[in-house]
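Good morning, colleagues. I ask for a few minutes of your attention for one model, which I shall go through from its ligands to its sheets.

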Amino acid sequence: MADPKKLFIKTYGCQMNVYDSERMAEAMGTDGYVTTDTAEDADMVLLNTCHIREKAGQKLYSDLGRLRALKDAKPGMKIGVAGCVAQAEGAEITRRMPIVDLVVGPQSYHRLPEMARAGGQQVNTEFPAEDKFDLLPERKATRGPAAFLTVQEGCDKFCAFCVVPYTRGAEVSRPAQRILTEARGLVEKGVRDITLLGQNVNAYHGGGGGEGGGGDWTLSRLIRELARIDGLQRIRYTTSHPNDMDDDLIAAHGDEPKLMPYLHLPVQSGSDRILKAMNRKHTAEAYLRLIERIRAARPDILLSSDFIVGFPGETDRDFEDTLDLIRAVGYGAAYSFKYSARPGTPAAEKPEIDSHVADARLQTLQALITEQQRAVQAAMVGREVGVLYEKPGRNAGQMIGKSDHLHAVHVDDATGTVGELVRVRISASSSNSLAGERIS
Ligand code: SAH
Ligand code: SF4
Ligand code: F3S
């Protein structure tokens, strides 16, 4: 038998791209490809791209520049561009970079094997009528005991700064039964922790059977049904919009033990003026009231958010409002970004604020978040949490896993095995992780 062909995938952007990369690897597996960790020995290089900020898009072109020499030395090598830049720029990529053989969007990557087989330059950025998930091969469980599972794609919210509704298209929910089948398959392969993914995951409205979206399944109903799968021990979901946190989803945080006490609920800004200009359709006060209700259901929940600083028109006062909101919530984690004008979005029409001012605000905000993150971590010391072992640590006899609250935890446990969920008492907190002792 001939040596298998090797596929190297580089993934940029969000978890949905991580999920898509796994599924593209599985799809190419049916054509005899195995994955490799370096571009140098690959027969095919796939860049799964992100379009969210200008820098993310630029990375694609600098990586392609570097791949040119590699392809010159190995003319049979195929280069593919997938993901959100592929969707946004399409054939423009092959025009600008003739070394690119394949351009495939997030909704059409089930066609990747046939595109690769066809030879020559192939571009497919359609939103096809068929559901790619029905045509992809069965999942492998390649990331150990924790797995992602996409349940919803696209976004109808049209925040004024964001490209996602254009690159990923309208909201579509997968049928509940297909998701449950995929989850059961993952659990049979050893998965214990599933994170449900969607660009707007809590807007999930799937049909029950074979039919697609618009059904009467909500995210909370899906979570409650998943929780009945024996062997599945933890459920998380991301990313959520504040306006889609319904009563039953909040209740599930209190009464569904498998739903983990971690919630990423992006607010973007604490200024009502800016929230309005961003088209977020809620106020800072409404967000704070929502947080109160979630904490009433699950008092120890760890909260996380995304923030954009330097949105067009943001004043010092607006920025102070954002800092006030952060102080009022007390986050365990957060991602913050300097506003980046994206072509085709409404906010890109507006004059930008001084770049240095935005840089300074980002630093101030990040310092506050770091302070809060450390305080939340330090408060874990002495507490007992669940830890799911994901891999051996650097030191002999050590295991590393994620806590219920998604903290990385190091545990000295010579007999521990990957995939085990153990009780741990947290004994110390360092800048990016916790240490603890196994108590069961
Ligand atoms: N669907 C998710 C987020 C998707 S993008 C949500 O609604 O929360 C992830 C994050 O990138 C966003 O939450 C936002 O903080 C940031 N982001 C999106 N567009 C951006 C832009 N043009 N400039 C800077 N940050 C941006
Ligand atoms: Fe983008 Fe807003 Fe949709 Fe999130 S909710 S993906 S930020 S448009
Ligand atoms: Fe980026 Fe697309 Fe995700 S733009 S953040 S990869 S949905």
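I begin with ligand 1: a polar side-chain atom of Q268 lies 2.7 Å from one of its oxygen atoms. Before I continue, some conventions. This is a predicted model, in which local features need pLDDT of at least 70 and side-chain atom pairs count only at pLDDT 80 or more, while totals for chains, interfaces and linings use all residues. Residues are numbered from 1 along each chain as its sequence is written, chains are lettered from A and ligands numbered from 1 in the order in which they are written, and side-chain values use heavy atoms, with hydrogens and water left out.

For D306, an N or O atom of the side chain is 2.6 Å from a ligand oxygen, and for R53 a polar side-chain atom lies 3.1 Å from an oxygen of ligand 1. A polar contact here is a pair of N or O atoms within 3.5 Å; within protein, one must be able to donate a hydrogen and the other to accept it, and residues adjacent in sequence count only if both atoms are side-chain atoms.

How much of ligand 1 does the protein bury? Taken alone, the ligand exposes 540 Å², and 89% of that is buried by the protein; the areas come from the Shrake-Rupley method with a 1.4 Å probe. Strands β13 (302–309) and β14 (333–338) are the elements that give two or more residues to this shell. Helices (H or I, at least four residues) and strands (E, at least two) are DSSP runs, numbered from the N terminus. There are 15 residues around ligand 1, of which F161, Q199, Q268, D306 and S340 come nearest; a residue is near a molecule or strand if one of its heavy atoms lies within 4 Å of it. By class, the shell has six nonpolar, four polar and five charged residues. Ala, Val, Leu, Ile, Met, Phe, Trp, Tyr, Cys and Pro count as nonpolar, Asp, Glu, Lys and Arg as charged, and the others, Gly among them, as polar.

I turn to the other two ligands. The residues around ligand 2 include C155, C159 and C162, together with F161, H241 and R280. That shell divides into seven nonpolar, two polar and two charged residues. Around ligand 3 we find, among others, C14, C50, C84, H51, R168 and Q199. Here the division is four nonpolar, four polar and one charged.

Next, the sheets. Which strands form the open sheet of three? The order is β7-β10-β11, with parallel pairing; two strands pair if DSSP finds at least two bridges between them. Because β7 (146–150) and β11 (234–238) stand at the edges with a single partner strand each, one side of each is left without a neighbour in the sheet. Neighbouring strands are turned by 25 degrees against each other on average, direction ignored. Axes are lines fitted to C-alpha atoms, for helices over the stretch in contact, and angles run from 0 to 180 degrees between N-to-C directions.

Within this sheet, β10 (193–197) and β11 pair in the parallel sense over five bridges, and L196 has Y237 as its bridge partner in β11. Helix α1 (15–29) lies across β7, β10 and β11, at about 95 degrees to β7. Helix α8 (176–188) also packs on the sheet, touching β7 and β10, and its direction makes about 165 degrees with that of β7. Contact means heavy atoms within 4.5 Å.

A second open sheet has six strands in the order β2-β1-β3-β4-β5-β6, again with parallel pairing. Its edge strands, β2 (33–35) and β6 (122–124), each pair on one side only. The twist averages 20 degrees from one strand to the next.

Finally, strand β15 (384–392) has two antiparallel pairings. With β18 (421–429) it pairs over five bridges, and V385 stands opposite V424. With β16 (398–403) the pairing also covers five bridges, with K402 as the partner of L388. β15 and β16 form a hairpin with five residues between them, and G397 in the turn has a positive phi of about 75 degrees.
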